[in-house]
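Please open the model in your viewer and keep the selection panel at hand. The tour begins with the ligand and then moves on to the domains.

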Amino acid sequence: MKTVVSGIRPTGNLHLGNYFGAVKNFLQMQEEYNCYFFIADIHSLTTHPTPADLHQSVKTVLAEYLAMGLDPEKCALFIQSDVPEISELYTYMNMNAYLGELERSASFKEKVQTQRNNVNAGLLTYPVLMAVDILIHKADLVPVGKDQEQHLEMTRTFGNRFNHMYNTNFFPEPQAFSFTGDLVKVPGLTGSGKMSKSGGANDAIFFSDDDKVTHKKIMRAKTDEGPKAMNQEMSTEINNLFDLMHLVSEQDVIETFRKQYADCTIRYGDLKKQLAEDTLKFIAPVRERIKEVEADTEYLSRAAKTGMEKARESAIKTIEEVRQIIGFRKFY
Ligand code: AMP
């Protein structure tokens, strides 16, 4: 069975875009592959979170992913810092990563611009840690977005360099995971872009929002003056509302509104009311489940421990072989 590795940023507060663009794919992957999903808390230290914030975010993200259906029995859902072998391999791999190539990484260049007064060494060697996250489990497949392709390429470079240096074929070359079908892009509510946390308070529909807030956000979503002619092409705003409907509403409901749009009888107020109702039907039970899981310290602790054990089993196997290959051989 192929091994898949994917990281999760420890910024809690998931929205519909995260669910349909990432979590849903994880749910499918855990059924079909040997999956390692980790909450990247070591990576997040580059931004210097306070200890309390860091702990809270990791907890929230863990609760959210569990509540949404990641099953500790089906996949290894773990916290990166629970696996010290990752930090050990990171130390070794840093010896074979060169300053020039790290400085050329797109993400480093971007961070140098966006956080000028915190250009720390962890940012520079971020691609090494990312590579290690993947190599430690000798992953075959990594689900990546367009912006992550360079990191995967660097992972292959570091793995191959290690293999070449020690005349071995120890690390396999991980490939980008391609989903069958198109990747879903969930639009935001405030305009043409995709739903995101940074899109302002009214752009994203968060699982943590209460019913009133969600309802209000959807009712406030941008529309246009309405179709003026039969079968008129849709504006981006209206198309976005239909795209959202496709995620949460029944097919016949969508068809009814499509027909109304085509013959110019549509009332956007009704469309948004329906969308709000269907979104709430989808979100409310998940939101309640997140609250339950987050309050269930015993379940969280058991889940994190199971994940840690699964991840360490695989990581220890890798690191022991790496030590041998490198020449760290015991005298006792
Ligand atoms: P973020 O932490 O906000 O970068 O999101 C984590 C992951 O959620 C991304 O890597 C995407 O896979 C997914 N995602 C976020 N926003 C959207 C969106 N609007 N549509 C589809 N997928 C999204």
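Select the ligand together with Arg-9: an N or O atom in the side chain of Arg-9 is 2.8 Å from an oxygen atom of the ligand, a polar contact being a pair of N or O atoms within 3.5 Å, where within protein one must be able to donate a hydrogen and the other to accept it, and residues adjacent in sequence count only if both atoms are side-chain atoms. Taken alone, the ligand exposes 480 Å², and the protein buries 70% of that (accessible areas by the Shrake-Rupley method with a 1.4 Å probe; for residues, only the protein chains shown count as cover).

This is a predicted model, in which local features need pLDDT of at least 70 and side-chain atom pairs count only at pLDDT 80 or more, whereas totals for chains, interfaces and linings use all residues. Residues are numbered from 1 along each chain as its sequence is written, and side-chain values use heavy atoms, with hydrogens and water left out.

Next, show the backbone of Met-195, where an N or O atom lies 2.8 Å from a nitrogen atom of the ligand, and then that of Gly-17, where a polar atom is 3.2 Å from a nitrogen atom of the ligand.

Now colour domain 1 (3–184 + 297–326) and domain 2 (197–291) separately, with bounds from an automatic or database domain assignment. Their centres, taken over C-alpha atoms, are 34 Å apart, and the contact (heavy atoms within 4.5 Å) takes 15 residues from domain 1 and 14 residues from domain 2.

Finally, select His-15, Leu-16 and Phe-20, the residues of domain 1 that lose the most area to domain 2, together 42% of what that side buries.

Note on methods
Buried area is the accessible area (1.4 Å probe) that two parts lose on being put together, summed over both.
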